[in-house]
Amino acid sequence: MRVYVPLTLPGLAEAYKTGELGGGPVLAYAVTPALREWYLSDDIEELEYAALNRAAVASLRLLAADSGAVRRRVVVAVDVPDGAATADPDRGLDPAALGEVRVAGPVPLGKAAAVHVDAGDAEADVAAAVQALEAADGGDDDAQFVVDGAEDHELLWYATQEIPNLVGLGGASRP
């Protein structure tokens, strides 16, 4: 099963250093029954793209919690055994939790299939989206428009062999 783990560049650097994406249950996004129902598609590529985008929004939330992180969304695509990722049945139809799963135990970075990261030209829009998150969560349509603006930037695909180069990006911080 393919899952999409939201991170930041410092989070990716930590995963590269430790060899794993978190030690406990890891928050990720995947093609769940609720996501299928919401997206109304049977095309697995479209559904996986929707899960990737859900993880990208979760990456924005991680950026909001780390003011020193470079303002680029990071999502790691990882293949885990079927059954390793489970959705919370109590949050299954919550729009904020569509596609959300927890992966039990540590997730080895060696299981990553790819890494998706914003290009440098997305930083201003991502920074604005991070600033607008709280207001958007409160129902402010203008703030939601700003948050949605980050989605105008496609995440770039990187092979796992390129993680050391990406980690170099994570060392810089922005005020």
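**View 1. The largest nonpolar core.** This core has 27 residues, and V3, L12, L21, V76, V78 and V115 have the most contacts inside it. A nonpolar core here is a set of buried Ala, Val, Leu, Ile, Met, Phe, Trp, Tyr and Cys residues joined through side-chain atoms within 4.5 Å, with buried meaning under 20% relative accessible area (1.4 Å probe, protein chains only). Two or more residues each come from β1 (2-7), α1 (9-18), β2 (26-29), β3 (74-79), β5 (100-103), β6 (112-117) and α6 (163-170). Helices (H or I, at least four residues) and strands (E, at least two) are DSSP runs, numbered from the N terminus. The model is predicted, so to speak from pLDDT of at least 70 for local features and 80 or more for side-chain atom pairs, while totals for chains, interfaces and linings use all residues. Residues count from 1 along each chain as its sequence is written, and side-chain values use heavy atoms, without hydrogens or water.

**View 2. Around L21.** Skipping neighbours within four places in sequence, L21 is in contact (heavy atoms within 4.5 Å) with V5, L7, A15, V26, V76, V78, V107 and L109. A second, separate core of 14 residues includes Y29, L35, A50 and A56.

**View 3. Helix α4 and its kink.** Look at Q131: a kink of about 40° in α4 is centred there, taken as the angle between axes fitted to the seven residues ending at a residue and the seven starting there. E123, V126, A129, V130, A132, L133 and A136 of α4 are buried, and the buried residues pack against α3 (44-64) and α5 (141-150). Just after α4, G139 takes a positive phi of about 100°.

Technical notes:
Buried means under 20% relative accessible area, exposed over 50%, partly exposed in between (1.4 Å probe, protein chains only).
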